[in-house]
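Here is a short briefing on one protein structure. Keep the model open as you read, and find each residue as it is named.

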Amino acid sequence: MPKITAPLTWRAVKALKKTTSLGGIPGFTLRIRENGDGSTSKTYIMRPVFPDGTRRTVTLGSFDVLTYAEAAQKAHEVRAAIFAGAELPTKSTNKKAEKTNALTVSELFFSWQDEQATRGRWKNPEKEVRDNRSRFLTYLPEDIRETAAASLTVDALASAVLDAWTNRHASAVRMLKALECAYSDAIELGRIPPMLNPAAARGLAIRLPVFDTDENSKHHGALPVEDIPAFFAALLNRPAISPAAGVIAFAILTAARSGETLPTQWDEVDLEAGLQRIPKDRTKTGGNLDRYVPLSSQAVDVLRRMPDFRALGVPHVFTNMQNPKAGHISPNAYWNLLKRMHTVRQQTEGRRWIDPQLSAQYGYEVPMTVHGTARATFKAWAKDGITYGHPAYPEALLERCLDHSEKYGGAYDRTAPRGDMREVFEAWGRYCFSKVDKT
């Protein structure tokens, strides 16, 4: 019976530099190879001893795709299958064929994006790597990701992305464009044999349905400006507010994108100075500088009402209350809160928190969204000073409040007008809180 050593910790596995047995399961190994271009590929494998005394190699999956726990689970399944007498795929003895076919679609894609980041191809490499990885893992099924890159066909790829192409078109197109570039580079550099690029836009376009871009470009639901004070009262008029309520309120008060608000950390906000720093890799417009947002007294009040778990080593402001160490809350938390608020308003007033303009345009009820309200409702309020009782703000100032990039001026205008922005956000905060209890 083979000797079973204690399993390595996740920290130890991440630090490995050469092929090493991971322990816990006989034959469970992390294979590490140096590629011809100097990059490294890591793959979880099993090298079990079969009943006939032979040792063979079974590939479990890429280190970049599987978590350590998932790889261990697969290793257990392989070992169980061996004891059950099942046939398993084994490593090819043809070294030349193995070298040609070893590279999976995942390994090809992740090595490509790492190279682009290292070469300085992107202005915000951390953001690009994160977004590319997320789209790749979300919209490309696992069986395609683990396919040998050299054997992937256009038809197989088209079939695999059909659902994403239809329901998440813009993200699917971005993912496929990146995959097309990854294949082009791999073919050019000889990492895979010369072949038809399976992700080529033209080849996919004739296999996938023509997409109605107008249908996909519908706007996010936004509250009418007049509903904002009542909405904030319903959201905040209570003894304690949840992180979900905090995210909604803070995003609207700062006219921010929810993706920039959710990960906010305590060391990024100065409550005394009323200032928030958004790291450059978390902003949509990118650039080489962090973004600084003046906070209204109302936004600071929301932050002061958030539970602080820094003593437990938790840096996030909008923390998961059930498990603080898990990080910030998920979008589901504030989506569920909005659903409850819709139900309450329906019961008390006979209507939900909806966007009446879009509802009339689309022919069905469009509920408000945090993004639409934080951006469109803020802009509608800000550009109409006569109706809402505030000064006339310059359009360029409002665009800076919304963090919209400027095609030409932005290259030279590197300092945000914090004083003017603070004046806008203070007026917006007073309007939002006009029906919130002052106690």
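Strands β6 and β7 (residues 291–294) run antiparallel and are joined by four bridges. Ile 278 has Arg 291 in β7 as its bridge partner. Bear in mind that this is a predicted model.

**Strands β5 and β6**

- β6 also pairs with strand β5. β5 covers residues 269–270, and β6 covers residues 275–278.
- Two bridges join β5 and β6, and the strands run antiparallel.
- Asp 270 stands opposite Leu 275 in β6.
- The two strands form a hairpin, with four residues between them.
- Gly 274 sits in that turn and has a positive phi of about 65°.

**The four-stranded sheet**

- Another group of strands makes an open sheet, in the order β1-β2-β3-β4. The pairing is antiparallel.
- Which strands are at the edges? They are β1 (20–21) and β4 (58–62), and each of them pairs on one side only.
- β1 and β2 are linked by two bridges and pair in the antiparallel sense. Ser 21 has Thr 29 in β2 as its bridge partner.
- β1 and β2 form a hairpin with six residues between the strands. In this hairpin, Gly 23 takes a positive phi near 75°.
- β2 and β3 run antiparallel, joined by seven bridges. Here Ile 32 has Lys 42 in β3 as its bridge partner.
- β3 (residues 40–46) is joined to β4 by four bridges, again antiparallel. Met 46 has Val 58 in β4 as its bridge partner.
- Why is strand β2 (residues 28–34) described as largely enclosed by the rest of the structure? Five of its seven residues are buried, so the rest of the structure largely encloses β2.
- In a regular strand, side chains alternate between the two faces of the sheet.

**Helix α4**

- Is α4 largely enclosed or largely open? In α4, 11 of the 15 residues are buried, so the helix is largely enclosed by the rest of the structure.
- The buried residues of α4 include Val 105, Phe 109, Phe 110 and Trp 112. Ser 106, Glu 107 and Gln 113 are also among them.
- What do the buried residues of α4 pack against? Their partners are β3, β4, α5 (125–139), α6 (142–145) and α9 (169–188).
- Gly 120 follows α4, and its phi is positive, near 80°.

**The nonpolar cores**

- The largest nonpolar core has 58 residues. Phe 231, Phe 232, Leu 235, Ile 248, Phe 378, Trp 381 and Trp 428 touch the most other members.
- Several helices each supply at least two residues of this core, among them α12 (228–236), α16 (331–349) and α21 (418–432).
- Which helix gives the most to this core? It is α13, with nine residues.
- Trp 428 touches Ile 228, Ile 252, Leu 253, Thr 377, Phe 378 and Trp 381, leaving aside residues up to four places away in sequence.
- A second, separate core has 32 residues, including Phe 109, Leu 140, Ala 158 and Ile 192.

**Thr 373**

- Thr 373 lies in helix α18 (residues 370–382).
- Is Thr 373 buried or exposed? Its relative accessibility is 0%, so Thr 373 counts as buried. The cut-off for buried is under 20%.
- Thr 373 touches Gly 221, Ala 222, Leu 223, Ile 228, Ile 252, Met 368 and Phe 378, not counting residues up to four places away in sequence.

**Phe 318**

- Where is Phe 318? It lies in the loop between α15 and α16.
- Phe 318 is buried, with a relative accessible area of 0%.
- Phe 318 and Thr 264 are 54 residues apart along the chain. Their C-alpha atoms are separated by 7.2 Å.
- Not counting residues up to four places away in sequence, the residues that Phe 318 touches include Pro 243, Val 247, Phe 250, Thr 264, Leu 303 and His 328.

Note on methods. Residues numbered from 1 in each chain as written. Predicted model: local features only at pLDDT ≥ 70, side-chain atom pairs only at ≥ 80, totals over all residues. Heavy atoms only, no water. Buried < 20%, exposed > 50% of the residue type's maximum accessible area, 1.4 Å probe, protein only. Contact = heavy atoms within 4.5 Å. Pairing = 2+ DSSP bridges. Core = buried A, V, L, I, M, F, W, Y, C linked by side-chain atoms within 4.5 Å.
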